[in-house]
Amino acid sequence: RARRTLSSIGFEFQLDKCNACTESNTVDDSCERCITRLYYTPSNTAITNENRSKFIADGKMYDAIADLCQSAAQEIMAEACDLVWVTVCDGKGGGLSARLDSQSSNLSSDSKSVREWPRDDEGNIIVLEPIRALVGRCKSGNENQSKDTFLVSTGKGKVSAGIFSRQHLLTTGLEPSTALPLLREARSRGMHCVVIDPNARGDRVGMDTFQVSVRSLFQQECSAEVEDAIIPASSSDGHIYVLAHSAAGGQLVRYLLDKNQGTLLPRIRSITFTDSTHSVQWLKKHPHISSLIQSSRALYVRSANPMRDDGWENAQPGDECDKDHFWSHRFGKIKTVWAGTTDHSLTNWAARAPIWEHFDKNADDDKAAASDDEAETSHTDKVAK
């Protein structure tokens, strides 16, 4: 386990409790002032931006410790939010993606086809990095659980599933740098959670990885339990709530442009883009997608640029931004709000409250519409009798 390996070299994640929790001698997962920090245990020193290079040298050591910390953070997220790893593609032609291919293929499931071992143009076997996703664990006897799904995708770079910043994971805290606070909110609402890793094979092929991950996890012909996880079915009647950070916003929009994206688009109830890279100019010939990402079901959360943005320091997270011609040309009429930070990597942490206000509003609107439809049907039935 990553935490054990991390501990063996003198580092450990420890909870820094706030004064209120310290005085009451309690541990409250919902307390946003308590932060899980990385410590150098021999001297019981919290790693900060100022002392980081003293304990973690730049270069290979930084990369090695950062990778271990990412794995440790994922272990903590999995335990806190009841998630398990699901192999989307094992790098040898197996995994959920191969299973999906076999659903539309005449080959039998035990057929020894070339698909099982990817090969280059000369026929040499290629073993790729596996693509995995964190997915909510299946709970027996919980048939009344919500069928809605919360999908999280991080930006490009060396970050992995559920991690927004390696630097802040080392120096600021686990909660500000990961999807943990957002996943806790989703689980508290009874939602399934899916956290994909577009960078599993490097950010240069991030779009391909995003595509195979979403296609495999959301386009199964029927729901399935794989490794004790809930794999959402393409035929499921649950909605999908998407958080797309940075490059993942562009990947999501490009995926929706694919005519083979199947039933994902109609299931998307709400989207939050955080510092996204997409553009509505891609969608001139796709008004149904363009209307979705400019409607009340979509929200754009942006970090501030101190050199360019006036008055950002007086804005609170969730306050609406003024949009200039350039912004409107690129992002259209989408509601745009301040994140409350100038740090791109901390956008999701700083704006976690308005993000969930947006999702909750759309969920409430959906419930109200469903209630109105039910009442209308009941009234019609009574009239008919």
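This is a predicted model: local features need pLDDT of at least 70, side-chain atom pairs count only at pLDDT 80 or more; totals for chains, interfaces and linings use all residues.

Colleague: Okay. In what order do the three strands sit in the sheet?

Modeller: The order is S1-S2-S3, and the sheet is open. The pairing is antiparallel.

Colleague: Remind me, what do strands of a sheet pair through?

Modeller: They pair through backbone hydrogen bonds, either parallel or antiparallel.

Colleague: Which strands stand at the edges?

Modeller: Strand S1 (11-16) and strand S3 (45-46) do. Each has a single partner strand, so one side of each has no neighbour in the sheet.

Colleague: How many bridges are there between S1 and S2?

Modeller: Six bridges, in the antiparallel sense. Strand S2 covers residues 35-40.

Colleague: And what stands opposite Leu15?

Modeller: Thr36, in S2.

Colleague: New topic. How many aromatic pairs does the structure hold?

Modeller: Ten. One of them is Tyr40 with Phe55, a tilted pair. The centres are 5.0 Å apart, with 40° between the planes.

Colleague: Which parts does that pair tie together?

Modeller: Tyr40 lies in strand S2 and Phe55 lies in helix H3 (residues 52-55). The pair therefore joins parts that are 15 residues apart in sequence.

Colleague: Phe55, buried or exposed?

Modeller: Phe55 is buried, because its relative accessible area is 14% and the cut-off for buried is under 20%. Tyr40 has a relative accessible area of 25%, so Tyr40 is partly exposed.

Colleague: What about Trp356 and Phe359, what kind of aromatic pair do they form?

Modeller: An edge-to-face one. The distance is 5.2 Å centre to centre, and the angle between the planes is 70°.

Colleague: Where do those two sit?

Modeller: Both are in helix H15 (residues 352-384). They are three residues apart, so about one helical turn separates them.

Colleague: Trp356 and Phe359, buried or exposed?

Modeller: Trp356 is buried, at 4% relative accessibility. Phe359 is buried too, with a relative accessible area of 1%.

Colleague: Which residues do ring pairs link into a cluster?

Modeller: Phe150, Tyr241, Trp356 and Phe359.

Colleague: Great, thanks.

Terms used. Residues are numbered from 1 along each chain as its sequence is written. Side-chain values use heavy atoms; hydrogens and water are left out. Two strands pair if DSSP finds at least two bridges between them. Helices (H or I, at least four residues) and strands (E, at least two) are DSSP runs, numbered from the N terminus. Rings of Phe, Tyr and Trp (its six-membered ring) pair if their centres lie within 6.5 Å; planes under 30 degrees apart count as stacked, over 60 as edge-to-face and the rest as tilted. Buried means under 20% relative accessible area, exposed over 50%, partly exposed in between (1.4 Å probe, protein chains only).
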